[in-house]
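Please consult the sequence and the structure alongside the text.

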Amino acid sequence: MLEKYGHGGDLLTAAEQYGIPVSGFLDFSSNMNPFGPPSVVGEIATNQWKQLARYPDPAVRELRKALADRYGIEPESILVGNGAAELIDLAIRLIQPTATALARPSFTEYEEAAAKTNSKLLGIPLSHDNDFTPQADQLSQAAAQADLLVLGHPNNPTGQLLDHTLMRSLAEDGVELLLDEAFMDFVPDGDEVHSLLKLAARTPNLHVLRSMTKFYAIPGIRLGFIVSHPDWIRRLRERQVPWSVNSFAQWIGAAVLREAEFERKTREWLAEENPWLTGQLTALGMRVCPSSVNYLLFALPQDLSVKQLQRLLGRRGILIRDASLFEGLNESYARVAVRRREENERLVRELGDAVRQWEAGGEGGIDE
Ligand SMILES: Cc1ncc(COP(=O)(O)O)c(C=O)c1O
């Protein structure tokens, strides 16, 4: 199984499984900005490596200040972490929920982090018939039954945003809400319209997570942050391992926030490529969930199983995410990242071949 360590983008496992070198894969299984890290990342690695002889700033001052300036909030409302993944775990450990409500499907780490605190899990089932968006009555019921609600905004793997007005009113009603905005940078008008980050900076029961690893394509250095009321952030920081955010991550984080051209180019690319790929997949008979970000969840036609399709494409050097591994989805669901046009064209071509092969030969048409 490609996701044997729980996530997409595991090129080493793919290389072992398909006998192709890591460099031979086109990876649609993890949702990375295809422009790669901005070049300033290379300059920092080249020019600042000697400074690694010193400890990182334990208070992450420069990066917190840069984030505070960008979002118009106080640095005291921000805790930076070793990826958003660290902060999901840390936040749930601090909250110690008795019962955690989470959408199904959603990012598996929520469930795993809640399980580590022995919290009861309450699934909010999402349905393709309404584009996998949680309904208002489901959310209010969940809020009444659980002492923590963890939701992706936009959600992974669906790419669907939550209703931000509804979220604001839940937060204002005092519901303990952990909102994962890891992909919000990709959303058109994300910060201006949809994000609850600013509200979180002054609301003790609202905690907004952001990741810097996807939009800036730097998952290898691990970098994310969480925003909430300064009192809550102080309690969270007390539980964090000292120097959790390494020096490279701090320097790079502050530097990429100045990359306005990279940000503009990314948004322009996605505005074109998301609808293009959605249209192409739909034309192939896939039932695509509308997405506001750089990945698309879709149901395969007929009885074609995602595991068979993943194997078939993997052997051709194309990696897709088996979305049946998300609680709440079955064997007909796959997720792909949106990449650059030529790469997306190759995906569409190979997928089309696979589906035609399937249609021609049924199960026997795809070799196991
Ligand atoms: C929805 C979501 N939240 C958080 C994370 C973790 O991000 P990071 O790389 O910042 O730890 C991921 C990673 O895939 C994700 O998909």
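Rings of Phe, Tyr and Trp (its six-membered ring) are taken to pair if their centres lie within 6.5 Å; planes under 30 degrees apart count as stacked, over 60 as edge-to-face and the rest as tilted. By this rule the count comes to 13 aromatic pairs. The model is a predicted one, in which local features need pLDDT of at least 70 and side-chain atom pairs count only at pLDDT 80 or more, while totals for chains, interfaces and linings use all residues. Residues are numbered from 1 along each chain as its sequence is written, and side-chain values use heavy atoms, with hydrogens and water left out.

**Aromatic pairs and charges over rings**

Phe132 and Tyr333 form an edge-to-face pair, with 5.9 Å from centre to centre and 80° between the planes. This pair links distant parts of the chain, 201 residues apart: Phe132 is in the loop between strand E4 (120-125) and helix H6 (136-145), and Tyr333 is in strand E13 (residues 333-337). Helices (H or I, at least four residues) and strands (E, at least two) are DSSP runs, numbered from the N terminus. Both Phe132 and Tyr333 are buried, where buried means under 20% relative accessible area, exposed over 50%, and partly exposed in between (1.4 Å probe, protein chains only).

Why is the pair of Phe186 and Phe215 edge-to-face? The ring centres of Phe186 and Phe215 are 5.1 Å apart and their planes stand at 65°, so the pair falls in that class. Phe186 lies in the loop between strand E6 (177-180) and helix H8 (190-194), and Phe215 in the loop between strand E7 (206-211) and strand E8 (224-227), so the pair ties together parts that are 29 residues apart in sequence. Phe186 and Phe215 are both buried. They belong to one aromatic cluster formed by Phe183, Phe186, Phe215, Tyr216, Phe262 and Tyr295.

Charged side chains also lie over rings; the criterion is NZ of Lys or CZ of Arg within 6 Å of the ring centre and within 35 degrees of the ring normal. Lys265 lies over the face of Phe35, at 4.6 Å from the ring centre. The ring of Trp276 has the charged end of Arg341 over it, 4.2 Å from its centre.

**A helix contact**

Helix H4 (residues 83-95) and helix H10 (residues 230-238) have axes that come within 10 Å and cross at roughly 105°. Axes are lines fitted to C-alpha atoms, for helices over the stretch in contact, and angles run from 0 to 180 degrees between N-to-C directions. H4 and H10 are therefore roughly perpendicular to each other; angles under 35 degrees count as roughly parallel, over 145 as roughly antiparallel, 65 to 115 as roughly perpendicular and the rest as oblique. Leu90, Ala91, Leu94 and Ile95 in H4 meet Trp232, Arg235 and Leu236 in H10, contact meaning heavy atoms within 4.5 Å. The residues of this contact of H4 with H10 divide into six nonpolar, no polar and one charged. In this classification Ala, Val, Leu, Ile, Met, Phe, Trp, Tyr, Cys and Pro count as nonpolar, Asp, Glu, Lys and Arg as charged, and the others, Gly among them, as polar.

**Backbone features**

Two cis peptide bonds and two positive phi values are listed below.

| Site | Feature | Value |
|---|---|---|
| His153 to Pro154 | cis peptide bond | omega near 0° |
| Asn156 to Pro157 | cis peptide bond | omega near 20° |
| Ala217 | positive phi, not glycine | phi near 50° |
| Arg222 | positive phi, not glycine | phi about 65° |

Pro154 is found in the loop between strand E5 (148-152) and helix H7 (164-172), and Pro157 is in the loop between E5 and H7 as well. Ala217 counts as buried at 8% relative accessibility, whereas Arg222 is partly exposed, with a relative accessible area of 29%.

**Individual residues in helices**

Glu350 lies in helix H14 (residues 341-361) and counts as buried at 15% relative accessibility. Not counting residues up to four places away in sequence, Glu350 touches Leu313, Arg316 and Ile318.

Ala171, in helix H7, counts as buried at 2% relative accessibility. Leaving aside neighbours within four places in sequence, Ala171 is in contact with Leu177, Leu199, Thr203, Asn205 and Leu206.

Gly279 has its place in helix H12 (residues 260-283) and counts as partly exposed at 38% relative accessibility. The C-alpha atoms of Gly279 and Ala200, 79 residues apart along the chain, are separated by 36 Å.
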